[in-house]
Amino acid sequence: MIDAENLTKKFGNLTAVDNLTLHVDEGEIFGLLGPNGAGKTTTVRMLCCLISKTEGKASIAGYDVGNEADALKIRKLIGFVPDNVGLYEALSANDNLDFYGKLYDVPDAKRKENIERVLKMLDLWEKKDVMVGTFSKGMKQKLALARALIHDPPVLFLDEPTANLDPEASKTVRDFILELKKQKRTIFLNTHNLDEARRLCDKIGILNTSLRALGSPQELENNVGGRATVIQLEQLTDAVQEALRNLRLDMTIIENRVTIRLANPEKENSAILDAVFRAGGRVQSTAIVGSTLEDAYLKLVRKEAIE
Amino acid sequence: MRLSKSWIIAQKDFKTFRRKKNVLYTLLIVPIMISILIPVVLLATHIPVDHLTYLLPAFTFFYVLLAGVVPTTIASYTIVGEKVEKTLEPLLAAPVTDGEILLGKAISAFLPSILAILGGSVLFMVLSDVATFKSLGYYFFPNLNTAVTLFMMVPLAVLMSVEWNVVVSGRVTDVRVAQQLGGLAAIPFVLIYVLGELNFVQLNVTNNLLIISGILALVDVLLFTVTRRTFQREEILTKWK
Ligand SMILES: Nc1ncnc2c1ncn2[C@@H]1O[C@H](COP(=O)(O)OP(=O)(O)O)[C@@H](O)[C@H]1O
Ligand SMILES: [Mg+2]
């Protein structure tokens, strides 16, 4: 549904997005995860045909991003919630939606029906005639979602839809995104919230100007974050420490617990434990733990910082 | 270019004006004040007949000055307003072209301005006729020069002002600054007016009025190309500050 190949955007000599290649299937929620300034907004703006790309190719539902004739077709297919909701504050919720419904060529009767349906779904129906300027942040975000849905688009681009929302409003928005997934819509979600990405997304791309990793949350946790063996000792003696150091492992020690990051714990554990036993260590327990998405993310973003 | 899309955008702006009453008031107040004040002064003072036939066309030219200023209120409100409220991005993501949005914005600034100015001028003409009939012995308005001024020069001047305001709007983030800079569109007309007063240009000669209109039309076309270049989505999203 959404394809990008070596997508690049430069602002003067600043590269905002570098060689991004990704693919989102129909009905999937794709999360583009990255810190501020990573290029998430720039990516979405390129895909929504709002700004030009410097290099590379992209397409939405087979339509070519960057082709003037396809741009209008793409815009009809997508719903977009920008990072700034951009609602008309002097107009009512209904007027905002009605305006966009007209712009998207939704016929009168259908428009009325859609407005009622989305506003009810988002608990805003009672407020339909209230000026948007009086709305809370959460309500505005919901109304922006409603606006993006007014023409019933198969593809949605959401740029940090829960940023700056209180936990309750965030939850409402997240639940709603899951509801949209049930309706088989393809959703491209920008976020810097790891928990959100893990809970909502089928696939995650970690972006920091260039794409650092791509996969399901599970895959990222296993492959990028790596896994670890945790050994709990009765007493961490110098001899044991010495023995472990000699194995040149990536480990952290907290009191009598040793955490060793390993690519393949199943294969490496016996050698490690042998070394511990030979050094006279008494093991209370061992466990293999998977890392969290947070580990994976931090590892990638930190690596960036060190480079 | 689909006019219907531009019209949807203009209608949305009209709805906003109705909610934002102060936009309406600032739009109407100056044309109405001038249109009432001048005839009142004419009535209160006893101006000799030969002066009157010279003064009335000069007063009519005030409406060209107004055309330079009046659209500023609205244009800065609708364009810089959208910029400040960050409402342009979802608009640009909708299936409308830059040209359609630009035209919509132009209509929403042009129509109310021209209505306010022409409405004011009708009021002015009627009241002036009433005020001067006794001394002149005939109704001065309407006449050919006034028609040229109001139906050629005024629309062209409003258009110029709207275009100038679009260009300004792309470069500022403050509605107030936009209004001050936007108001500069009146300066050429102030100049023409002063030149008229100093007798360099006769503003009661039809051909002069037609020549000024021709120059205005040319400026409009030139400004249009600048406007078109300013109002491009990439430009708006990445350079408009
Ligand atoms: N219009 C612009 N002109 C110059 N640089 C820009 C512009 N827009 C974004 N950038 C830069 O591009 C990078 C990516 O920005 P952005 O896409 O907004 O990141 P994110 O949405 O992930 O926070 C940042 O370094 C930002 O400063
Ligand atoms: Mg962003």
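## Contacts of ligand 1

A backbone N or O atom of A38(A) is 3.1 Å from an oxygen atom of ligand 1. For G37(A), a backbone N or O atom lies 2.7 Å from an oxygen atom of the ligand. T41(A) takes part through its side chain, where an N or O atom is 2.6 Å from an oxygen atom of ligand 1. Taken alone, ligand 1 exposes 560 Å², and the protein buries 66% of that; accessible areas come from the Shrake-Rupley method with a 1.4 Å probe.

## Basis of the model

This is a predicted model, in which local features need pLDDT of at least 70 and side-chain atom pairs count only at pLDDT 80 or more, while totals for chains, interfaces and linings use all residues. Residues are numbered from 1 along each chain as its sequence is written, chains are lettered from A and ligands numbered from 1 in the order in which they are written, and side-chain values use heavy atoms, with hydrogens and water left out.

## The shell around ligand 1

Which residues surround ligand 1? They are F11(A), L14(A), A16(A), P35(A), N36(A), G37(A), A38(A), G39(A), K40(A), T41(A), T42(A) and T238(B); a residue is near a molecule if one of its heavy atoms lies within 4 Å of it. The site is shared between chains because residues from chains A and B surround ligand 1.

In chain A, β2 (14-24) and α1 (40-47) each supply at least two residues of this shell. The largest share, three residues, comes from α1(A). Helices (H or I, at least four residues) and strands (E, at least two) are DSSP runs, numbered from the N terminus. By class, the shell has five nonpolar, six polar and one charged residues. Ala, Val, Leu, Ile, Met, Phe, Trp, Tyr, Cys and Pro count as nonpolar, Asp, Glu, Lys and Arg as charged, and the others, Gly among them, as polar.

## Backbone features

N6(A) is in strand β1 (residues 2-11) of chain A, whereas E160(A) is in the loop between β7 (155-159) and α6 (167-182) of that chain. Are these residues buried or exposed? N6(A) counts as partly exposed because its relative accessibility is 37%, while E160(A) is buried, at 14%. Buried means under 20% relative accessible area, exposed over 50%, and partly exposed in between (1.4 Å probe, protein chains only).

In chain B, a cis peptide bond joins F141(B) and P142(B), with omega about -10°. P142(B) is in the loop between α5 (98-136) and α6 (144-169) of chain B.

Conventions:
Polar contact = N/O pair within 3.5 Å; in protein donor to acceptor, adjacent residues only side chain to side chain.
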